[in-house]
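Please have the sequence and the structure in view while reading.

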Amino acid sequence: MTLIQGNFRIVKTAPDGDSIRFYPQNPELWKKLQTPVSTNRSGGAQLRLDAIDALETHYRPKMGSIGIQHQPAEFADAAASELLKFLGFQNVTRGSNQVITAAEPEEVPGFILTRFADTYGRAVAFVFKGDSEQEDGSSIYLEKSLLKKSANYHLLAKGLVYPTFYSKLYPDIRKQLIAVTEKARTDKKGLWSSDKTNKGFLLEELETITDKVVILPKLFRRLLDYLAINDGSVALDGFINFLESKKDKVIILPDSHVTGFDFVVKVDGQNIKLTVQPEDLVFMEK
């Protein structure tokens, strides 16, 4: 993976628990990645923290008029706050739409390990605080000892994010992240004390998923996308067909069964659940 040293800046942005703005010391290093990164005029880019998914603090479906929504604030806000605290920010103030209006200091040093950008131009990265001992721009093998120092690992250990793996993630890294996830779940840390992803829940109203029930963000986003085009109805009778149309391909571990996301979601009336643990799914990049 490519090591890129730089700074994190958050004022006038709206970072959540798995995404933040990063400014490299040498913006030319973005060109070393396999896929292009979308940068601003200062060379800064939005990061997507690899292998994790935080509860949504502000998500707007692409269709419909449902507007910006969120998942239960207790854990959505906790993940966002913990990421900023981990990196070294203090006294963070947010305004409307979760946009940060003030923070101390205004920027903090850090570095990332990355190989590619996602379809939105965000660099998919493991995120670290402080200065790296390795040379900026060097190729780094992400060993277990270094992985444990990442924000990605830290948030999983705290139980504040879900594991969400994609096929470009190295299998040995995935195994380490599965181990820390299972421990956090066993200890009922953070969101695991309230998680309903696999136990299932009854969808009675929009507020069920925005304010009451803690579920895998991937499932939340697809549910909200579906509800947004149904004119206020929360009936789930067409949800599986909707999921199938999205063509989200997954690999089910450990059998390496390749199928659609709709295959691992069960709907019974207004009851819905995921039939596979989140860490046993590997999503295929689009």
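What follows goes from the pockets to the cores and then to one residue in a loop.

The model is predicted, so local features need pLDDT of at least 70 and side-chain atom pairs count only at pLDDT 80 or more, while totals for chains, interfaces and linings use all residues. Residues are numbered from 1 along each chain as its sequence is written, and side-chain values use heavy atoms, with hydrogens and water left out.

**Pockets**

A pocket is found on a 1 Å grid over the protein atoms alone, as an open set of points where a 1.4 Å probe fits, with protein on both sides within 12 Å along at least five of seven lines; its lining residues have an atom within 4 Å of a point. The volume is the space filled by probe spheres set on the points, which are joined across faces, edges and corners.

The largest pocket has a volume of about 1200 Å³. Its lining is made of 39 residues, and Tyr120, Arg122, Tyr166, Lys218 and Arg221 lie nearest the centre. Two or more lining residues come from each of strands S3 (45-49), S4 and S7 (107-117) and helices H6 (217-228) and H7 (239-246). Helix H6 gives the most, with 4 residues. Helices (H or I, at least four residues) and strands (E, at least two) are DSSP runs, numbered from the N terminus.

The second largest pocket holds about 350 Å³ of space. Of its 14 lining residues, Phe111, Ser132, Glu133, Leu146 and Lys149 lie nearest the centre. Strand S8 (123-129) and helix H2 (144-147) are the elements that give two or more residues to this lining.

The table gives the linings by class.

Not counting residues up to four places away in sequence, Lys218 touches Asp53, Tyr166, Asp248, Phe261 and Phe283. Contact here means heavy atoms within 4.5 Å.

**Nonpolar cores**

A nonpolar core is a set of buried Ala, Val, Leu, Ile, Met, Phe, Trp, Tyr and Cys residues joined through side-chain atoms within 4.5 Å. The largest one has 53 residues, of which Phe8, Trp30, Phe126 and Leu177 touch the most other members. Apart from this core lies another of 37 residues, including Trp192 and Phe239.

Phe126 sits in strand S8 and is buried because its relative accessible area is 0%. Beyond its neighbours within four places in sequence, the contacts of Phe126 include Met1, Phe111, Leu142 and Leu177. Trp30, counted in the same way, has contacts that include Ile4, Phe22, Leu47 and Ile112.

**A residue in a loop**

Gln69 lies in the loop between strand S4 (52-53) and helix H1 (73-87). Is Gln69 buried or exposed? Gln69 counts as buried, because its relative accessibility is 15%. The side chain of Gln69 reaches the backbone oxygen of Ile66 at 3.0 Å. Leaving aside neighbours within four places in sequence, Gln69 is in contact with Thr57, His58, Tyr59, Leu206, Thr210 and Leu224.

Terms used
Buried means under 20% relative accessible area, exposed over 50%, partly exposed in between (1.4 Å probe, protein chains only). A polar contact is a pair of N or O atoms within 3.5 Å; within protein, one must be able to donate a hydrogen and the other to accept it, and residues adjacent in sequence count only if both atoms are side-chain atoms.
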